[in-house]
Amino acid sequence: MAEQALRKAPLGGFHGGSAVAHVTAAGPASRLSLRAGADAVSALSKALGLDLPTRPKTSASSDGRHALWLGPDEWLLIDENGADLAALAAKADVLHSAVDVSHRNTAVLVSGTKAAVAIASASPHDLSPAVFPVGACARTVLGKIEVVIFRTGEQDFRVECWRSFAPYAFGLLAEGAEDAGL
């Protein structure tokens, strides 16, 4: 078995916000960028242990594993337990592209009664519950960077970004959370 490089948390110890919107660094997770045609979805779903969503802005979750729909043939998979998602996808034995992006991505968690307001301070995406309910996800922008926003609860969001942009994303979100508390 090949040794795996250890990841340092890009936002270790960062936290911020206000009483109505709290911002924290997410814990470690494995991530997979998955591309596949419609004919491979069933086999990949079985291999990964959750049904890959096929409708825009939807997700599927099971035991800390999340599949976020990003496009007609594209998903971002996140496993909060650190499973080897590429190895699981390989067991499907169907044509697909699976790239481990665990070292590329990280996440910022935003929670509280004004969490959506904090994110909206830097993103144009409509996060109202009617348009963006629990389980919704979207690739969008936050300030000047691309992010994936995933609504994990009524007042909880996961904002995925490239780790090199993490301090920038965290700063924008923390400032938005502080402003939401005014």
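Domain bounds, as used in these legends, come from an automatic or database domain assignment.

**Figure 1. The two domains of the predicted chain.** The protein chain divides into domain 1 (16–27 + 105–180) and domain 2 (30–100). Their C-alpha centres are 23 Å apart. This is a predicted model, in which local features need pLDDT of at least 70 and side-chain atom pairs count only at pLDDT 80 or more, while totals for chains, interfaces and linings use all residues. Residues are numbered from 1 along each chain as its sequence is written, and side-chain values use heavy atoms, with hydrogens and water left out.

**Figure 2. The area buried between the domains.** Domain 1 and domain 2 bury about 1100 Å² between them, with 56% of it on carbon and sulfur atoms. Buried area is the accessible area (1.4 Å probe) that two parts lose on being put together, summed over both. Of the area that domain 1 buries against domain 2, Cys137, Arg139 and Phe150 supply 45%, more than any other three residues.

**Figure 3. Residues in contact.** Contact (heavy atoms within 4.5 Å) joins 14 residues of domain 1 with 13 residues of domain 2.

**Figure 4. Salt bridges across the interface.** A salt bridge is defined as a side-chain nitrogen of Lys or Arg within 4 Å of a carboxyl oxygen of Asp or Glu. Across the interface of domain 1 and domain 2, the rule finds 2 salt bridges. Arg31 forms a salt bridge with Glu160, and their closest N and O atoms are 2.6 Å apart.
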